[in-house]
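Subject: Structure handover

Hello,

Here is the structure we talked about. My notes on the ligand site follow below it.

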Amino acid sequence: MEPLFLIGSKVIQTIKQQGYEAYFVGGAVRDFLLQRPVHDIDITTSAPVELIEQLFEVTVPLGKEHGTVIVRMEERSFEVTTFRSVSDGRNTLLEDLQKRDFTINAMAMNENMELIDPYDFCRDLENQLIRAVENGTERFVEDPLRMLRACRFSSQLNFEIEKKTLDAIIECRSLIEKAAVERVITEFDKLVKARSYSRGLHYLLSLGLTQHLSFLKGKEQALEDLAAMQLQNLCSLEEVWAAFLFVDQTEQELLNYLKAVKKSKSFVQQVIRLLGALNTYENSGWSNELLYEIGLENSLKLGRLLFTLQPEENHVHNEQALIRWHNELPIKSRRDLNLNGQLLVQSFQKEQGAWIEQLLVKAEKAVLAQTVANDPKELIAWLMKEREFNDEGEAFGDAVRK
Ligand code: ATP
Ligand code: MG
């Protein structure tokens with residue numbers, strides 16, 4: 001048995017020893033049956049949360065108001081939830097399963113990994129179908145996010161959404177406007193990260209859900225384009241978002257957009273940096289300066305992005321070629337520059353000021369362009385000459401203006 005299920009079985013046994021029922025349920029059962037990796041395990045039980053809290057040494061009261069508590073055992077977490085009930089009062093496993101979103105997520109398993117599937121939902125799993133439990137319309141009115149979850153599961157599992165469920169989504173689609181943006185983005189991110197993202201994105205588009213999601217409205221063409229790209233080449237969500245947002249937009253527009261979808265500050269910075277690098281690339285292609293400025297890690301991200309956006313030009317964006325190129329840069333960071341502020345002050349006999357940074361940047365660029373060697377004497381001599389030239393230029397400019 002998989003270690004995670006093995007530890008989970010101990011959680012179930014501990015609860016059962018108190019005379020209550022407990023089962024593995026939901027996504028963990030689905031993924032186990034599909035022989036997919038299981039990352040998190042949900043357990044459903046007839047025991048009240050208070051008892052669960054007493055029973056285990058370490059628990060986290062996350063979502064206690066919904067009857068959920070996290071149980072920590074052997075450094076793993078298990079989400080333990082008291083049976084959800086359709087009607088108040090009679091809480092049973094059967095009722096709990098009926099309250100779940102899709103049939104493929106509404107099966108249970110005991111601690112011996114024996115399937116408990118009273119409604120024969122495993123048929124949908126075999127037929128690779130996403131079907132709302134009972135009445136789709138009612139399920140989506142109860143929680144509109146489920147419509148997005150349907151698209152996300154189709155993307156993760158490469159399953160089809162069943163006809164009546166599709167009709168119910170079309171009927172209820174405007175309700176998605178009510179869903180919390182954080183929950184929506186979590187589903188969208190899972191959808192684009194999954195193997196069959198193209199299928200999931202086409203469902204979003206064809207079901208008209210995009211028209212009711214403010215962050216996707218008007219971006220239908222960009223989504224179509226994204227669906228056609230080879231996103232499996234990308235290694236991070238930042239890269240996927242950059243590929244999605246790669247159209248003419250100002251930095252401020254991008255900032256506002258990403259803030260509105262409640263992305264973290266570091267995520268926003270990463271996407272904006274990547275899009276900035278893409279812009280630089282569009283203007284002047286790969287250069288020593290670009291690789292230096294964004295560093296190796298971002299250069300590799302940019303390479304993957306370009307390969308995804310312009311697959312026909314793949315040779316330039318090859319990972320090994322970029323690593324070699326970066327390795328051969330005359331300098332890789334400011335620390336490698338054989339020049340510093342002190343030397344500049346001594347040589348130019350001027351008080352410290354903003355001019356130092358300006359000259360350092362100038363020197364960096366010259367070394368990267370291989371105009372000057374990375375040698376203190378040569379750099380100072382070159383900078384002095386440049387200054388004379390600029391002073392003359394300025395004087396000339398002044399004369400003309402006068
Ligand atoms: P994954 O963990 O891979 O994202 P999952 O199916 O496990 O997928 P969770 O969000 O972890 O999804 O939820 C666990 C289970 O709880 C689901 O399989 C489903 O049975 C039930 N569930 C989750 N969200 C909802 C919802 N919005 N409505 C009804 N049931 C839900
Ligand atoms: Mg889960």
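Ligand 1 sits in the largest pocket. A pocket here is an open set of points on a 1 Å grid over the protein atoms alone, where a 1.4 Å probe fits, with protein on both sides within 12 Å along at least five of seven lines. "Sits in" requires more than half of the ligand's atoms within 2 Å of the grid points.

The model is predicted: local features need pLDDT of at least 70, side-chain atom pairs need 80 or more, and totals for chains, interfaces and linings use all residues. Residues are numbered from 1 along each chain as written, chains are lettered from A and ligands numbered from 1 in written order, and side-chain values use heavy atoms, without hydrogens and water.

The shell has 17 residues, counted when a heavy atom lies within 4 Å. Arg 30, Asn 105, Asp 143, Arg 146 and Arg 152 come nearest. By class, 13 are charged (Asp, Glu, Lys, Arg), one is nonpolar (Ala, Val, Leu, Ile, Met, Phe, Trp, Tyr, Cys, Pro) and three are polar (the others, Gly among them).

Polar contacts are N or O pairs within 3.5 Å. Arg 146 places a side-chain N or O atom 2.6 Å from a ligand nitrogen. Lys 190 has a polar side-chain atom 3.0 Å from a ligand oxygen. For Asp 40, the distance to a ligand oxygen is 3.3 Å.

Best wishes

Definitions and conventions
A polar contact is a pair of N or O atoms within 3.5 Å; within protein, one must be able to donate a hydrogen and the other to accept it, and residues adjacent in sequence count only if both atoms are side-chain atoms. On a 1 Å grid over the protein atoms alone, a cavity is a set of points where a 1.4 Å probe fits but cannot get out, and a pocket is an open set with protein on both sides within 12 Å along at least five of seven lines; lining residues have an atom within 4 Å of a point.
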